[in-house]
Amino acid sequence: EFRRVLFRSVEYKTRQRALILQFLSDNRERHLSVDEVFDYLRAQQSPVGKSTVYRCLDRLVSQGRARR
């Protein structure tokens, strides 16, 4: 249920955004930092800037899909 609701919030899909959503879903019991998300993406060989991570997380927060 959580995963379905989380993924439904995405207007368009990119590989990076899908990886961020997957990481959030897999770690929903923990408070994650931007650095943890960023490091995860790098480990997945998905180069992305921290600003992209911030924007994606800000969008999820504004949609009520994530909390700060």
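Analyst: Happy to! Let's begin with accessibility: a residue is called buried under 20% relative accessible area, exposed over 50%, and partly exposed in between. Asp 58 has 34% relative accessibility, so this residue counts as partly exposed. Please keep in mind that this is a predicted model.

User: Thanks! Which residue does Asp 58 meet in a salt bridge?

Analyst: The general idea is that a side-chain nitrogen of Lys or Arg lies within 4 Å of a carboxyl oxygen of Asp or Glu. Here the side chain of Asp 58 meets that of Arg 68, with 2.9 Å from N to O. The two belong to distant parts of the chain, 10 residues apart: Asp 58 sits in helix 4, and Arg 68 in the segment after helix 4.

User: Is Arg 68 buried or exposed?

Analyst: Its relative accessibility is 71%, so Arg 68 counts as exposed.

User: How many salt bridges are there by this rule?

Analyst: The count comes to 3. Another one joins Lys 50 and Asp 35, whose closest N and O atoms are 2.5 Å apart. Lys 50 is in helix 4 and Asp 35 is in helix 3 (residues 34–43), so this pair ties together parts that are 15 residues apart in sequence.

User: Now for helices. At what angle do helix 2 and helix 4 pack?

Analyst: To describe packing, we look at the angle between two axes and how far apart they lie. Helix 2 (residues 15–26) and helix 4 (residues 50–62) pack at about 60 degrees, with axes 11 Å apart. That angle makes helix 2 oblique to helix 4. Their crossing is right-handed.

User: Which residues make the contact?

Analyst: Helix 2 brings Arg 17, Ile 20, Leu 21 and Leu 24. Helix 4 brings Val 53, Cys 56, Leu 57, Arg 59 and Leu 60.

Key:
Residues numbered from 1 in each chain as written. Predicted model: local features only at pLDDT ≥ 70, side-chain atom pairs only at ≥ 80, totals over all residues. Heavy atoms only, no water. Axes fitted to C-alpha atoms, helices over the stretch in contact; angles between N-to-C directions. Helix = DSSP H or I, 4+ residues; strand = E, 2+ residues; numbered from the N terminus. Parallel < 35°, antiparallel > 145°, perpendicular 65-115°, else oblique. Left-handed = near helix turned anticlockwise from the far one by under 90°. Contact = heavy atoms within 4.5 Å. Buried < 20%, exposed > 50% of the residue type's maximum accessible area, 1.4 Å probe, protein only.
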